[in-house]
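Thanks for coming, everyone. Please look at the screen, and we will go through this one step by step.

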Amino acid sequence: MTSVTEISRLVWLEVEGSIAIVVIDNPPVNASTAAVRAGIVDAIDAVENEPGIDAVVLIGAGRTFISGSDIREFDGPLAEPQMPAVISAIEACSKPVVAALHGRALGGGFELALGCDARVATQDSLVGLPEVTLGIIPGAGGTQRVPRLAGMLPALEIVATGKLVPAPQAQELGLVDHVATEDLGAEAIAYAKTLGGKKRSLKDVTVGEFDEKAFEERARQLIARGKGRSSTGHSIAALKLAKTLPFDAALTEERRIFNELRVGPEALALRHLFFAERRAGKLIKSLGGEAREIRKVGVIGAGTMGQGIATAFAQAGHEVAICDMSPEQAAAAKVAIEANINRAVERGRLDRGNAQKALGGLEAVSSISALSERDLFVEAVFEDMDVKKSVFRELDQIARPGALLASNTSYLDLDEIAAATKRPEDVVGLHFFSPAHIMKLLEIVRGTATSPDALATTLALGRKLKKSMVVARVGDGFIGNRVYAAYRREAEFLIEEGAYPEDVDAALEDFGMAMGVFRVSDMSGLDIAWAMRKRLAASRDPTERYVEIADRLCELGRFGRKTGAGWYDYSGFEGSGASDPVVRNLIDDHRMSKGITPRKIAPEEIVERMMSAIGRESDKLLSEGIAEGPEDIDLAFVRGYGFPEIKGGPLFWLKNRSTQ
Ligand code: NAI
């Protein structure tokens, strides 16, 4: 016999014989809000006073256990009861409480489970403490309870990287007591009965001995890899309290650090990006268009980008054909894609089964007509309007109705490309960044005629590829490259006024950019931008400020790394290139010819000028409607251009810099 009591709108209590089942029902992902927490405390209170109950099972309704805290609550003071109070109520309850986990038990959700007396989890569920990736640390005992169950070294991996742990592995670590193979609820109840009414609080457990040297060494590595987030170091410091402080004192200190970081600049920046990432998902819902099924993908153009794009789709489970007009290039690309897939397996990014599937579905062809049965085409041929149009004309002939036609163009007018077909509603831009299977950013270009369901399909695909997506309207360079061009232009103004490339790059790298702007130019090659400048020279506004130094470098054959010299000298240097007297002289001569007296420019001014240039261009992009929100520009710069994520993106930084 089951009886059901509604504790609150979000929490239910069911009784099955001697077991009480507390059901959390806060769709879609059972986020821990104040109301959910209050409901759990009330349910535990009700159970405590119920004489016929021996044990409690805590379970989530719908597709998951508590997937995490509702981070919208994190900006201000947290509403009561807070998670530590909920866990205290569970610990104080005289009856054992078993957490039944499915879907995801992350952050506060996993901490709640750790505060219970045992954990039962479905085979495919995931547990973890991803707080560190949001610039905070676990604040409800995660750093103290994980080491008590799993030991200090495994706890270090979990707490300091935020990685998600599959239930079977969590069981091996002692974090989960039983992996349910059939019926989670029934198996959790059965497990609860085996406890014989006994509590198993972790309060009374001491942390096992561990190799302190190995711990310190690994901690140093993780801090170095932590993308500059101070939360990594703080999470490790909190973890160490498990050895140095009594349990309750350690919990208090952990909570203090959590609260301090929660309202600090890094956490604010990372939350800003967290919500920016979710805008694409919201757009899918608001579009209302039905996403089409995409299984077979054809990639046209088997160069650098085509290879990466094909790899990305193959790894995400699509059958991929790569096409190039040169049969040798197509064959070579297939070999390169296979190598990419095998490397992903070696690095643990792809499991063997999926790799086999990806390799099995891969083919190379040298004619577009061999691609007729594809659901999606991604064009990555030369950046030339006529070449692209002829490819799209051909695709229009062979593609089945409803197939999606995408271009990877970086700058060109997507509407003009779409007009080469009789189905512009099926044409979208899928602008990947190099290397396409590694870089997180995917800029989706919405043409004037692109239909809502074509866009919805594209967004769903991006999600499957695990990309960070921004949606742009048509305009030269879309969002990312247009803003980046303004940023690069400002760097050249700074050079003209008195800085040298190494000064600008050092200021940007100290600020946190992955690479200085001139080093990036040298890496990607100066010749492409030069060709574009020459093409646009006739139409350039003569009153517009123009710095000729890059043209002079190109005239000397200095196209960057690939020619051994660009803004820096790479001859005889393995690493990042050396500052070059030839470049300095060229810059000095240029200033002199323009009558400019150079002045020393401080690193702070360099950063301020570079970011402000981004700000000005972004204002234009937003007013032209090419970007829909400042969040998209921030996300693009962080995920595609190496802007430090702890600063939240250039526009977020400009707005909040007084507090950073
Ligand atoms: P790439 O020059 O390495 O490769 C282009 C390939 O297309 C060549 O193998 C060529 O044989 C093939 N091709 C040319 N015309 C063709 C046709 N009619 N049919 C079939 N194959 C044809 O060029 P890359 O760097 O891969 O760039 C491709 C596109 O991706 C361009 O539109 C570029 O703007 C865009 N892109 C490039 C990025 C980069 O970092 N290289 C970044 C993002 C976009």
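Start with Gly 60. Skipping neighbours within four places in sequence, Gly 60 is in contact with Ile 24, Asn 30, Phe 65, Ala 100 and His 102. Contact here means heavy atoms within 4.5 Å. Gly 60 sits in strand S4, residues 55-60. Helices (H or I, at least four residues) and strands (E, at least two) are DSSP runs, numbered from the N terminus.

Is Gly 60 buried or exposed? Gly 60 is buried, because its relative accessible area is 9%. The cut-offs: buried is under 20% relative accessible area, exposed is over 50%, and partly exposed is in between, with a 1.4 Å probe and protein chains only. Now look across the chain to Glu 555. It is 495 residues from Gly 60 along the chain, and the two C-alpha atoms are separated by 66 Å.

A word on what you are seeing. This is a predicted model, where local features need pLDDT of at least 70, side-chain atom pairs count only at pLDDT 80 or more, and totals for chains, interfaces and linings use all residues. Residues are numbered from 1 along each chain as its sequence is written, and side-chain values use heavy atoms, with hydrogens and water left out.

Next, the whole chain. How many helices and strands does the chain have? There are 27 helices and 18 strands. The radius of gyration is 28 Å, close to the 26 Å that the globule rule gives for 660 residues, so the chain is as compact as a globular protein of that length. That radius is taken over C-alpha atoms, and the rule is 2.2 Å times the number of residues to the power 0.38. Along its principal axes, the C-alpha trace spans about 90 × 60 × 45 Å. Of the 660 residues, 55% count as buried. Take contacts between residues at least 6 apart in sequence: 72% of them join residues at least 24 apart. The accessible surface of the chain is about 27,900 Å², and carbon and sulfur atoms hold 53% of that. Areas come from the Shrake-Rupley method with a 1.4 Å probe; for residues, only the protein chains shown count as cover.

The side chain of Glu 383 has an N or O atom 2.5 Å from a ligand oxygen. For the side chain of Asn 408, that distance is 2.8 Å. Val 381 uses a backbone N or O atom, 3.3 Å from a ligand oxygen. Alone, the ligand exposes 840 Å², and the protein buries 77% of that.

Last stop, helix H19, residues 480-497, which holds Arg 482. Arg 482 counts as buried because its relative accessibility is 15%. Beyond four places in sequence, its contacts include Asp 476, Glu 617 and Glu 624. Glu 496 is buried, at 2% relative accessibility. Again leaving out residues up to four places away, Glu 496 touches several residues, among them Arg 545, Arg 591 and Lys 594.

Definitions and conventions. Polar contact = N/O pair within 3.5 Å; in protein donor to acceptor, adjacent residues only side chain to side chain.
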